[in-house]
Amino acid sequence: MTRTEHICIGFALVVTGMFLAPLSASAKNLDVNGDGMVRLAVLSVPQHPGGVEAEVLCSDLENMFKASKMDVPVRVSFVPLGNNRTLMGWWYNPESQPVRGQLFSGQFDYLLLAETDDIVSGYPEFFFEGVRAVAREANGRGIRVALFVMAKPANSFRDTRAESIAATVYRVGDGCGVEVIPAAFGWQEALKHNRMTGDSPVKARASAFLSAATAYCQLTGERLPKDALEAYWTTKKTTTVLALSARDAVLNEQVRKHYAGPFQGVVRIEPHIKKRLKVYVPNTVEDDPLRQNLQSILDATFQDGFWKTPSDWYLSGFDRYAMSFDLVYGDRQQMEQYLDTTLHTSVSAPPTNRPQPCVAVFCRTPEGDADGLNTLRTLEPMLLESYDYAKSKGLIFVPYPLAWARARYENPKLVKEVVPGRTNDWLTYMLANMLYTLVTDRCQPPSEKEKPHSVNETHPHGYHDTCARIGYETVVQLAALSEPVNTVLLRSETYRIDALNPGFASVRLLNRPDRDVRVFCATDVPGIAALSRESLAFTPDNYDIEQTVRILPATNTPTLFFHFMVSAQSEDNAIDGANDLRPFLLNYDGNGAGELVFATNTVSPATGFQVLLRPVQRPCDMVSAHIVQHGQVSDEIYFGQDHFSGTLVRLYPTGTDFKRGTLPVSVNVSSADQRFNGKRFDFVFRVESIGVPVPTVRVTVPEDGEVIDGPAFVTARAETDVTNGVDSLAVYLGSKRLGRSATPVCSVAVEQGPPQSRLGVGEYTLWAAATTTNRLVVSSAPITFRVRKASGAPNADTP
């Protein structure tokens, strides 16, 4: 022991009298099951960061109980996690079943859980799942559960790692109703009061002793027995100050607030409350079962769905950045394509002036595992790897494999493969329901309508309902790190409201509450609508009976947007604060004027060749605008209720336009909003080169008017002179950019389908555009060629 530690210990002994005061008047009865013996189990990895041994902790804790001379014998057992890194992995791994059976056989009174700090900080959602599952089983067997705050022993009291870990542990403890033992703060107290040094040679051993001491003080509410201060590995003076530090940690953490605000993790909900949900799926499969199930959920909620995939890029040139999507989802392979910002787009960089979508990645469970045992064995590494991927890419993680494991735990028949190698329909529905929850923060119980049949000929009664509930609970619980789940279910079949057509919204609760619940109703824009009822009362007896609110206009102002909102208030914490909202359109006037305008009418190398286009009025539905230059659609962009501030449009003047000084542009509009539908807006831009030499750009292959026998593989070639430095040269098929080159020559395959596809019979128009190093943009004149049916070809239209 160092001289500094002796000085620290001497100072601490001055206040030993404080330590001798008991924490409570009497010790708690630890013999929970009343069998005449106190048995505690510590479920943990063998060694925690910093060299803290779990078996040593158990031995110290048992010695402390024995030193207290209790009336009943005490035994503390160490239960290792085996080959698992997490409590979650141990719980679901079938190899741990014998140990789980023995642990929950009813002989133990207390179960103490100790997760490593790297799991708590790196995977808080999976830490919660392990605690939730284990505590739920233990509580059902009459075993009390407590949760350690474990952290690597710091070198300085200024190290705040223990505080950040404790914030998660206490949040999970409160969310699962589990008592928390502030073990990591014992060492912090020892450093703070100079009782130990950060470089002490017995730091790891002292940390194990401190963890046991805090557990003893927390569980018994008493001081540490004097006989427990005798130790073989250090002096009584050292154990005395460590015991004092453990006592201080317990007292301090009992009154401290450890976390504030909602939890924000990798499994998170990003609500997009819309009448029409815009979805982009980086998957070219036409009959995707997941898409079919998600569409059926939207149909059940009276929501519209707008879907786009890379197939739309291949076939019609739809640009993935042409609109603001609400949801993008896919597995890791599909998400890699989406994260490549150069694929399926004609723009050089993604736009930044629009709402960001909810981008979610999921991991599929292995197919071909009939009984699911192999999937459970690999569940932990599968989840950790996928979680790390989502976290590193800034994506939302959809915990589908975990919901799958929960479903198997509830009923193994749910995951048993009916068709070998194929996922059951109700599991696909569960994943679709999880995606819907992530993007809406809603629970949608399955309707009575027939669900999509992709694999199973018949759907057993209740399977979809059970899987939907499990999926919803998994997402909501992991997103909040809290187990109690209840919410308000808001349903509305109306959207447009006027004096002759009132709106209606129906409300009920998802689960039976423990107390009475009052649901308050309001609109987010005061004074524009009159509600038939401003509050609804629910009891444990009528929680599942819908109550309806009528919504009438309170103003004649045309085309107003608002939300109908509900919020629950109750002494039942599971439902208190639950809320939902629905969008409505009030007094829609389809005869009103709808107009699109550009922000400027001049382009040059100084101002750039991108101009902001925006609607003057806020659209009440999607507005599709086709930008026509030189007789060709050069861009297709979309506006909506949530995105109407403007989108940049690329202008491509030709050499002739620069000589003339003007570029005519037309905007053709189509929309379900009759104010915009069918209108055409014509604009004339002034184009200037401001002295920069204008290069010549042309498409040389194929030739204008050329006829080619098809189906055919066609290669296009564009060239530009070197009058000015060329930054890039691109070739376009309509609005679809086929390829780009940083040289004066660009050769690309002309494809109207996936790569390596041939052109069918039809007429095609190509053009090219060059950008110089001086930011001048100039395009070629469009050329048209035709693919005809080859003589003797039976089906020339097939690529």
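Helices (H or I, at least four residues) and strands (E, at least two) are DSSP runs, numbered from the N terminus. The model is predicted, so local features need pLDDT of at least 70 and side-chain atom pairs 80 or more, while totals for chains, interfaces and linings use all residues. Numbering starts at 1 along each chain as its sequence is written, and side-chain values use heavy atoms, without hydrogens and water.

Stay at the largest pocket, with a volume of about 870 Å³. A pocket is an open set of points on a 1 Å grid over the protein atoms alone, where a 1.4 Å probe fits, with protein on both sides within 12 Å along at least five of seven lines; lining residues have an atom within 4 Å of a point. The volume is the space filled by probe spheres set on the points, which are joined across faces, edges and corners. Show Val476, Ala480, Ser482, Pro484 and Asp576, the closest to the centre among 28 lining residues.

Next, select Val347, Ser348, Gln610, Arg650 and Tyr652: of the 33 residues lining the second largest pocket, these are the closest to its centre. This pocket holds about 750 Å³. β27 (647–650) is one of the strands that supply at least two lining residues.

Follow β27 into an open, antiparallel sheet of 3 strands, ordered β22-β24-β27. Strands pair if DSSP finds at least two bridges between them. Between β24 (610–615) and β27 there are 4 bridges; finish on Val611, whose bridge partner in β27 is Val649.
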